[in-house]
Amino acid sequence: MLVQEQMSSNPVTVAPEVSVPDALALMRERKVRRLPVVDAHGKVVGIVSDKDLLFASPSPTTSLNVWEINSLLSRLKVEKVMAREVISVTEDTPVEEAARIMADRKIGGLPVLRGSTLVGIITETDIFRSLLELLGGRRKGLRVTCSVSGAKGSFAKVLSAVTAAGGDIVGLGVVEVKDAGVMRWHATLKIQDVQRSALEKSLSPVVDRIIDIRET
């Protein structure tokens, strides 16, 4: 799965000279939490989040009156509060790489560039949707999590066992965990067209243990 499959195309943008109140109003109108900042040539020169704009607003305990606050904010431009170091990805970046960048850098979204042209934005919401799709979260069926060793061929045995039980895998996720001091894999599968008893009987001989199994 690549970024181009999950990103929002033609994202809402803002110019550097736009005032903070106008940028906030645009976010609320378009229901977005971050805006790439582009100059007159269409080049991305920054990115601003709703938190950046809200933190730029005066505290509720300020002694300024409402007219003074509005006057100050109207003169405060996006370019003064935006992040100038823009971390971006390309359309052919794997979704998991975009997720790693966001997690490591503690940011909620990445502009997507084609060369120097902005073509999209991928956000934490898009990543959550990707996870939902990968794990078959919108499909009904049996959800089973099992522990398997890291030995070569372990997953092939699991997949063969599911097939032997007559099941159809419509979601799959794998994570490495330390189990009783030993590194193992926990595999979560969403499986359709199979009875729970038949699946348990087929899986039990090829996995260390079945951690959880339920209808979803």
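This is a predicted model: local features need pLDDT of at least 70, side-chain atom pairs count only at pLDDT 80 or more; totals for chains, interfaces and linings use all residues.

Tutor: Two strands count as paired if DSSP finds at least two bridges between them.

Student: What makes S1 and S6 a pair?

Tutor: Two bridges join S1 to S6, and the criterion asks for at least two, so the two strands pair. Their sense is antiparallel. As for individual residues, Ser 9 has Gly 120 of S6 as its bridge partner.

Student: How do you know that S5 and S6 pair?

Tutor: Six bridges lie between strand S5 (residues 109-114) and strand S6 (residues 117-123), in the antiparallel sense. Since at least two are required, the strands qualify as a pair. Leu 113 has Leu 118 as its bridge partner in S6, and Gly 109 stands opposite Thr 123 of that strand.

Student: Why are S1 and S4 called edge strands?

Tutor: The open sheet has four strands in the order S1-S6-S5-S4, with mixed pairing. Strand S1 (8-9) and strand S4 (89-90) each have a single partner strand, so one side of each is left without a neighbour in the sheet.

Student: Which helices pack on this sheet, and which strands do they touch?

Tutor: Helix H6 (residues 95-105) touches S4, S5 and S6, and its direction makes about 135° with that of S5. Helix H7 (residues 124-134) also packs on the sheet, touching S1 and S6, with an angle of about 60° to the direction of S6.

Student: Why is S6 described as mostly covered?

Tutor: Six of the seven residues of S6 are buried, where buried means under 20% relative accessible area.

Student: Is Gly 109 buried or exposed, and how do you know?

Tutor: Gly 109, which is found in strand S5, has a relative accessibility of 8%. The limit for buried is under 20%, so Gly 109 counts as buried. Leaving aside neighbours within four places in sequence, Gly 109 is in contact with Arg 34, Met 102, Ile 122 and Thr 123.

Student: What separates Gly 109 from Gly 166 in sequence and in space?

Tutor: They are 57 residues apart in sequence and 41 Å apart in space, C-alpha to C-alpha.

Student: What makes Lys 106 exposed?

Tutor: Lys 106 is found in the loop between H6 and S5, and its relative accessibility is 74%. Exposed means over 50%, so the label applies to Lys 106. Lys 106 also has a positive phi of about 55°, although it is not a glycine.

Student: How is Lys 31 classified, and where does it lie?

Tutor: Lys 31 lies in the loop between helix H2 (20-30) and strand S2 (34-38). Its relative accessibility of 74% is over the 50% limit, so Lys 31 counts as exposed. It has a positive phi of about 55° without being a glycine.

Student: Turning to the sheet that contains S8, why do S8 and S10 count as its edges?

Tutor: Four strands form this open sheet in the order S8-S9-S7-S10, with antiparallel pairing. S8 and strand S10 (209-215) each have a single partner strand, so one side of each is left without a neighbour in the sheet. The twist averages 15° from one strand to the next. Helix H8 (residues 154-164) packs on the sheet, touching S7, S8 and strand S9 (182-192), and its direction makes about 25° with that of S9.

Student: How do you know that S7 and S10 pair?

Tutor: Six bridges join strand S7 (residues 142-148) to S10, and at least two are needed, so they pair; the two run antiparallel. Cys 146 has Ile 210 as its bridge partner in S10.

Student: Why is Ser 147 called buried?

Tutor: Ser 147, in strand S7, has 1% relative accessibility. This is under the 20% limit, so Ser 147 counts as buried. Its contacts beyond four places in sequence include Asp 179, Trp 185 and Ile 211.

Student: What makes Leu 172 partly exposed?

Tutor: Leu 172 lies in strand S8 (residues 168-179) and has a relative accessible area of 41%. Together with Phe 155 and Val 174, Leu 172 forms a nonpolar patch on the surface, with about 230 Å² of accessible area.

Technical notes
Residues are numbered from 1 along each chain as its sequence is written. Side-chain values use heavy atoms; hydrogens and water are left out. Patches are made of residues with over 30% relative accessible area and no salt bridge: like charges are joined within 9 Å, nonpolar side chains (Val, Leu, Ile, Met, Phe, Trp, Tyr) within 5 Å. Accessible areas come from the Shrake-Rupley method with a 1.4 Å probe; for residues, only the protein chains shown count as cover. A salt bridge is a side-chain nitrogen of Lys or Arg within 4 Å of a carboxyl oxygen of Asp or Glu. Buried means under 20% relative accessible area, exposed over 50%, partly exposed in between (1.4 Å probe, protein chains only). Axes are lines fitted to C-alpha atoms, for helices over the stretch in contact, and angles run from 0 to 180 degrees between N-to-C directions. Contact means heavy atoms within 4.5 Å.
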